[in-house]
Amino acid sequence: MIKNIIFDLGGVLLDIDLMHCMKQVQSLGVDFDNLSKETATIDSTTSTQKLAVMGEGIVATGATHLYQIGEISTNDFISGIQRLCHPGTTYQQVLDAWNTCCIDIPKHRLDKVLQLRQRGYNTYMLSNTNEAHWQDIVKRCFGGMEQVGKHFDKVFLSQEMHLAKPNDEIYLKVLEEIGADASECLFIDDSTQNIQAAAALGFNTIHANVSKTNEGKVVAPPVTEWKDEIDEVLSNIGCNE
């Protein structure tokens, strides 16, 4: 019986454009070729325990990974990038460029989360994110933490847990904190690696399609939204209704 629905953030709820973000940071003078493969694509031979998926086939490595799991502060991360930029580039310019990957959360997705909550499901968020992105999303997309709390029973963030998907430990920690068995949970993510790791632990899963984005705008929504298939999935695998 499904009692708990766990949502990823970027690519599931939030439309993102990581390539646009990289271009914006690059326009400030950062040479990604000299950043220890900060933007390396996923290597299927790499241990999933060491991966920290950002989205769109990009993995967090080096300083980005450390920032994503909360091992370095926003000030240190942004200031570190600032030192690699053109002379005169400000801290705020770097921060703004970094946040350009976060586009928006369509209202119909949040409405679906609320609907599921009203039907008796516990709803959670489990996201590989970072402090700067999260603060921007809370303010701009939710309108404050009060609204986040209206949609989710609890939010699990990589920078607060010091763990990142698809590391098994982060999924097990979530199960421990919500007091649930994996078989009672439906996990929705846009990353193949994250979905495979969760499924291997016994989670029910939906591999979400993502919006097509370019230059910080949504070019086309997903062909099939998770919100349009979740009811059928819940019916097929058993639900709490």
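Two strands are taken to pair if DSSP finds at least two bridges between them, and helices (H or I, at least four residues) and strands (E, at least two) are DSSP runs numbered from the N terminus. The structure described here is a predicted model, in which local features need pLDDT of at least 70 and side-chain atom pairs count only at pLDDT 80 or more, while totals for chains, interfaces and linings use all residues. Residues are numbered from 1 along each chain as its sequence is written, and side-chain values use heavy atoms, with hydrogens and water left out.

The protein chain has eleven helices and eleven strands. Buried residues (under 20% relative accessible area, with exposed meaning over 50% and partly exposed in between, for a 1.4 Å probe and protein chains only) make up 50% of its 241 residues. Contact means heavy atoms within 4.5 Å; among contacts between residues at least 6 apart in sequence, 70% join residues at least 24 apart.

From here the view turns to the sheet. Five strands form an open sheet in the order β7-β6-β1-β8-β9, with parallel pairing. Its edge strands are β7 (154-157) and β9, each of which pairs on one side only. On average, neighbouring strands of this sheet are turned by 20° against each other, direction ignored. For this and the other angles, axes are lines fitted to C-alpha atoms, for helices over the stretch in contact, and angles run from 0 to 180 degrees between N-to-C directions.

Strand β1 (residues 4-7) is joined to β8 by four bridges, and the two run parallel; here Ile5 stands opposite Leu186 in β8. Four bridges also join β1 to β6, again in parallel, and Met125 in β6 is the bridge partner of Phe7. On β6 (residues 122-127) also sits Ser127, a residue that is buried, with a relative accessible area of 2%. Neighbours within four places in sequence aside, Ser127 is in contact with Asp8, Leu9, Phe156, Leu157, Ser158 and Lys165.

Four bridges connect β8 with β9 (residues 204-207) in parallel, with Ile188 standing opposite Ile206 in β9. Together with helix α10 (residues 192-200), β8 and β9 make a right-handed β-α-β unit; a crossover is right-handed if, with the strands pointing away from the viewer, the path from the first strand over the helix to the second runs clockwise.

Met1 is exposed, with a relative accessible area of 57%, whereas Ile2 is buried, at 1%.

Two helix pairs complete the picture. Angles under 35 degrees count as roughly parallel, over 145 as roughly antiparallel, 65 to 115 as roughly perpendicular and the rest as oblique. The axes of α3 (residues 74-82) and α4 (residues 91-98) come within 9 Å and cross at roughly 100°, so these helices are roughly perpendicular to each other. Thr74, Asn75, Phe77, Ile78, Ser79, Ile81 and Gln82 of α3 make this contact with Tyr91, Val94, Leu95 and Trp98 of α4. By class, the residues of the contact of α3 with α4 comprise seven nonpolar, four polar and no charged, where Ala, Val, Leu, Ile, Met, Phe, Trp, Tyr, Cys and Pro count as nonpolar, Asp, Glu, Lys and Arg as charged, and the others, Gly among them, as polar.

For α5 (residues 107-118) and α11 (residues 226-237), the axes come within 10 Å and cross at roughly 25°; α5 and α11 are therefore roughly parallel to each other. On the α5 side the contact is made by His108, Arg109, Lys112, Val113, Gln115 and Leu116, and on the α11 side by Trp226, Lys227, Ile230, Asp231 and Leu234. The residues of the contact of α5 with α11 divide into five nonpolar, two polar and four charged.
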